[in-house]
Structures are given as structure tokens and as C-alpha cells.
Amino acid sequence: MSEQSQPLKLRMAPDEPAADVAHRAEREQRAEQLQREIGLEQSLAPFRVGSVPYLNTAPLTRGVEDELILATPSKLAEMLRRDELDAALVSIVEVLFTNLYDILDGIAIASLGEVKSVLLAHRKPIEEAEEIYCDTASLTSVELLRVLLAERGIKPEFKPLPSYDFAALPDFALLIGDPALNFVLKEHQHEVWDLGEAWSELTHLPFVYAVWALRRGVENAALRRQLREARDFGLDTLDYIISSRSEYTLDFRKDYLGWHIHYHLGMDERRGIAKFIELLRKHSEREIFEPKYVV
């Protein structure tokens, strides 16, 4: 057989150990994440942007955490009204009650069913509620509780909660955010009425608690793009957020951030907002404005 007609012998590369493949993929993933994080550094400037200091916001602010002004929902609403912020992650009612803002479409803090972090703690039957003490940081939760009770024919008086001393908690108390989670995870004498679950049972729709509110009259296309990128980065690295945070337990963070809360604002969430508007108008004399969504 001539030299030209002899079959070629291919030399195969040695198999790479599975552990090495996994480590290489992990290094490449970390490098990609680092580049995305670097790209988000100082990306919100010159805009003034606010958010709440709760665990459930972490997937929406990945990479821009250090650029945010942190405050309670009620304080953020005040700052927006005083033109101290250009955008903030605020309670949905701040947008519905104040005709000053657009909603960044596609992004929300929402739930379909049990939410865990918005609840009525009660020692007596809900039907006996005459006074309910509410976290003064809350906006949307108070209005949500109001319409849920009104649909049952219950119209109590709402008063400020004097403190988060769980040992001295009144018979009826509305708790939100991380303090609500702290309460649920400790021993307590109250029963818990989860408002996300109550809303879902009433309407069969998601409830939207918070949205990015953008002040009108401000050219903010760049800001909208960066807020979407931060959300995308957060959801792409949700496992990292869950594993790296220190609040509560790992299993609880997986359950809370991966199941109870979701972060999209789609057709069903818009229907949920529309239903909430309908019930607010039914049970409140306040003027309610139709939301305007921007992409």
C-alpha cells in the first residue's frame, strides 16, 4: 500500500476530568458575572434612585446596591413627592394615588398566593377587629387589608403600630417586610392571615406590591435600561443571591425568593392591578389614577 493510500490515524485528546470541566465552567461563569457587575457600577448616575432595605428587593437591585438611597416605602414616597428622587421602588398605591409617575413595565415585586411578608397578626377572630395597628412604613399593605376586610363587611379603625415589640403586639397588627418575616419565624401567640393568599383566594389573580416609579418629565431612557439590566442580572444569579445572603436560613430564602415572590409584571399582574383599582374605588373616596406603563 502506498504511503498516500494509508488511512490517517487521528490522535484523540485525553478526556478532561469532570471536576476540571466543572471548575472551568464555574470560573468562566464568575468572570462573566464580574463583568456584568462592573458594567453596573455607577450606572445609575446622575439619577437619584431609592429602594427599600428588605430581602425581597435583592433580585431587583443586583449590582447597583451601593448606588441606592434606602428608606421605608412611606419615606420613599415622601422623597419622590418632594423631588428628592428621580425613581424609586415604591408601593403600588403611591403611583395610583399620585398622578406624577410612570411605571417601569415588566418589573414588580408580586406574589400569586402566600407571600409570607405581608400579614395580619391576630389573637381574636378577624370578624371582631375594631382597631388594627399598622406598621407606619406600610402604604400598599394598609389599602390591601382595607379592601380585603371591606369585602367581608369589616371596617375597623387603622392606627399606627407603636413598636415592633412582639411581646407587646396588639390583638390585631399589620406587619410587612423583614419585620413580618421575623415575626413569622419566631414563636408567637397570634394567628397569621397572609394577605397575598387572601387576595389570591378572593380574585384568583397575582397581587403587585411594589413597582419602579419614574418621575414624569425626566429623560430617563438610560435609567430604565439599567434597572432592567439589574433585574436581569439578579434573576440570572438568583441562586447566588439565595446562597450568599445571611438572613434567616438557606431553605427559607430558597422558598421565599424562589417561590413566594416573583419579579415580573405581565398581563396577569396588570389584571391584578386593575382589580385592585376597582376595589379601591369601591371602598375608598380617594381619587385613583390609571397607571401608565413605560418600557
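How many nonpolar, polar and charged residues does the lining of the largest pocket have by class? In this predicted model, the lining of the largest pocket is made up of eight nonpolar, four polar and three charged residues. The space within the largest pocket comes to about 240 Å³, and of the 15 residues that line the largest pocket, those closest to its centre are T57, A58, T61, E65 and R245. Among the contributing elements, helix α8 (residues 238–244) gives the most to this lining, with three residues.

Rolling a probe the size of a water molecule over the atoms shows where empty space is left. The count here comes to two cavities of 30 Å³ or more, and the largest cavity holds about 240 Å³ of space. Its lining consists of 20 residues, and Y54, P73, I176, Y209 and A210 are the ones that lie nearest the centre of the largest cavity. Three elements, β3 (87–91), α4 (140–150) and β11 (207–215), each supply at least two residues of the lining of the largest cavity, and β3 provides the largest share of that lining, with three residues. When the lining of the largest cavity is sorted by class, 13 residues are nonpolar and seven are polar, while no charged residues occur in it.

One of the elements that contribute to the lining of the largest cavity, α4, is itself mostly covered, since 10 of its 11 residues are buried. The buried residues in α4 are T140, S141, V142, E143, L144, L145, V147, L148, L149 and A150.

The second largest cavity has a volume of about 30 Å³, and its lining is formed by V95, T98, N99, Y101, R216, F289, E290, P291 and K292. By class, the lining of the second largest cavity divides into four nonpolar, two polar and three charged residues.

In one of them, the rings of F166 and F183 have their centres 5.3 Å apart, and because their planes stand at 70 degrees, over the 60 degrees that the class requires, the pair is edge-to-face. This pair links distant parts of the chain, with F166 in the loop between β8 (157–160) and β9 (172–176) and F183 in helix α5 (residues 177–184), 17 residues apart. The two partners can also be described by their accessibility: F166 has 24% relative accessibility and therefore counts as partly exposed, whereas F183, at 2% relative accessibility, counts as buried.

Another pair is formed by W199 and F207, whose ring centres lie 5.1 Å apart and whose planes are at 75 degrees, so that this pair is edge-to-face. Both W199 and F207 are buried, and ring pairs link W199, F207, Y209 and F276 into a cluster. Within this cluster, Y209 is also one of the residues that lie nearest the centre of the largest cavity.

Aromatic rings also meet charged side chains. The charged end of R62 sits over the ring of F233, at 4.4 Å from its centre, and the charged end of R270 sits over the ring of Y293, at 4.0 Å from the centre of that ring.

Conventions:
Residues are numbered from 1 along each chain as its sequence is written. This is a predicted model: local features need pLDDT of at least 70, side-chain atom pairs count only at pLDDT 80 or more; totals for chains, interfaces and linings use all residues. Side-chain values use heavy atoms; hydrogens and water are left out. Rings of Phe, Tyr and Trp (its six-membered ring) pair if their centres lie within 6.5 Å; planes under 30 degrees apart count as stacked, over 60 as edge-to-face and the rest as tilted. Helices (H or I, at least four residues) and strands (E, at least two) are DSSP runs, numbered from the N terminus. Buried means under 20% relative accessible area, exposed over 50%, partly exposed in between (1.4 Å probe, protein chains only). A charge sits over a ring if NZ of Lys or CZ of Arg is within 6 Å of the ring centre and within 35 degrees of the ring normal. On a 1 Å grid over the protein atoms alone, a cavity is a set of points where a 1.4 Å probe fits but cannot get out, and a pocket is an open set with protein on both sides within 12 Å along at least five of seven lines; lining residues have an atom within 4 Å of a point. Grid points are joined across faces, edges and corners, and a volume is the space filled by probe spheres set on the points. Ala, Val, Leu, Ile, Met, Phe, Trp, Tyr, Cys and Pro count as nonpolar, Asp, Glu, Lys and Arg as charged, and the others, Gly among them, as polar.
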